[in-house]
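I opened this notebook to record what I looked up in the structure below.

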Amino acid sequence: MGPSGTLPEQGYHIRYCSGRSGTVGNYASLELFRTEFIVNELNLNDAIIPVQDQGKDVIVGLTSAEKTLPSSYLYDDTGSQLFEEICQLPEYYLARTETLILRGNALHIASITGACELVELGSGSSLKTRLLLDAYEKLNLSLLYSPIDVSSAALTMSARDLLPSYKTLRIRGVVATYEQGLKHLRSPVLPRRMIAMVGNSIGNLTAAECDRFLQQVVDSLRTGDYFLLGVDLHKDKEQLEAAYNDDRGVVAEFITNMLCHLNSRFGGNFNIKNFQHVAFYNEQCHQMEIYLKSLAVQKVQLDRLGLAVDMKEGETIRTVVSRKFVLEQLKQELEAKHLHCVGMWTDPNMWCAVLLTELQ
């Protein structure tokens, strides 16, 4: 770190988690020389984990009595593009509402944290990121942006979009799942670190998974560091179901694209025409549940995994659970991990909330 908390200049190159490194060619913009990518080779059909472990989660899910697929397989490059489309849908209130909250409170968030490394879980919509970056720039605070995303294309697009607008911004991207990316964060170079998880991504985790994830967040922070969390709140069933069953069918396309991702990655033969998108709100559990329903008797094969699965007509594969939260219960869960809420903001309708917590 340079004088007055400034960041050193960094070159644009890929540093693989295996230790291999190399330059990235044919980028015309000199702005990209302020970017570094730490690439989890899992996204490149290699792995940060042993090769023999790849796809084990798929095998476990598809051979269970109630078939499931991990939601992380939604986000290949096509899936990431489709999700950006979803965020613009009239039915999908979450992105607009959370953006409204951040627009009104980003300066407050920046004033609380001071100069910090922003670790964003999912490169997501650049608009939300810009709201935070604008706030830090307005307060003349140094900022290192470290997005973690399974899509290298999404990270590259984010860097190309952001760097020309912020002349002192440094970006250190990590192509990985959230869990893997957090394990590969470098030592802090700024006084504080803030891990940000917006868009209700935490809602995709079961209660047990959420508990383990929060512990990993805590393990990635020092005392006095921050965790910024955006959540979707429990609300009217009709509104929730409309958001996941849009008139244009973009959510359905997003979900079925998961099968295309599995086909290309593991040598599969999923026929997306043989599956139907089904999404409904489980009011008892406060969660949206999204399934792919088999429309015929069929045998699905994933050759690179040595897996063949027989499916009955009407049988389902659960692809997504999206939990909706009650604020007081959520605050208690965070406090149990020593994440003390220092700021909490909602929209006038109480549809969504953004919480800033500090590790104590």
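Entry 1, helix pair. I looked up helix H2 (residues 77–86) and helix H9 (residues 250–266), which pack with their axes 9 Å apart at an angle of about 160°. Axes are lines fitted to C-alpha atoms, for helices over the stretch in contact, and angles run from 0 to 180 degrees between N-to-C directions. H2 and H9 are therefore roughly antiparallel (an angle over 145 degrees). The crossing of H2 with H9 is left-handed, meaning that the near helix is turned anticlockwise from the far one by less than a right angle.

I then listed the contacts (heavy atoms within 4.5 Å). From H2, Thr-78, Gly-79, Leu-82, Phe-83, Glu-85 and Ile-86 meet Val-250, Val-251, Glu-253, Phe-254 and Asn-257 of H9. By class, I noted 6 nonpolar, 3 polar and 2 charged residues in this contact; Gly counts as polar here.

Residues are numbered from 1 along each chain as its sequence is written, and side-chain values use heavy atoms, without hydrogens and water.

Entry 3, sheet. I found an open sheet of 3 strands in the order E9-E10-E13, with antiparallel pairing; strands are DSSP runs of at least two residues, and helices of at least four. Strands E9 (275–282) and E13 (316–323) are at the edges with a single partner strand each, so one side of each has no neighbour in the sheet. Pairing requires at least two DSSP bridges, and E9 and E10 (residues 287–294) have 8. Phe-275 has Ser-294 as its bridge partner in E10, and Phe-280 stands opposite Glu-289. The E9–E10 hairpin has 4 residues between its strands, and His-286 in the turn has a positive phi of about 55°.

The mean pLDDT (the predictor's confidence in each residue, from 0 to 100) of the protein chain is 85. Over residues 1–33 pLDDT stays under 50, and over residues 38–52 it is below 50. Where pLDDT is low, the predicted coordinates should not be read in detail.

How values were computed
Predicted model: local features only at pLDDT ≥ 70, side-chain atom pairs only at ≥ 80, totals over all residues. Parallel < 35°, antiparallel > 145°, perpendicular 65-115°, else oblique.
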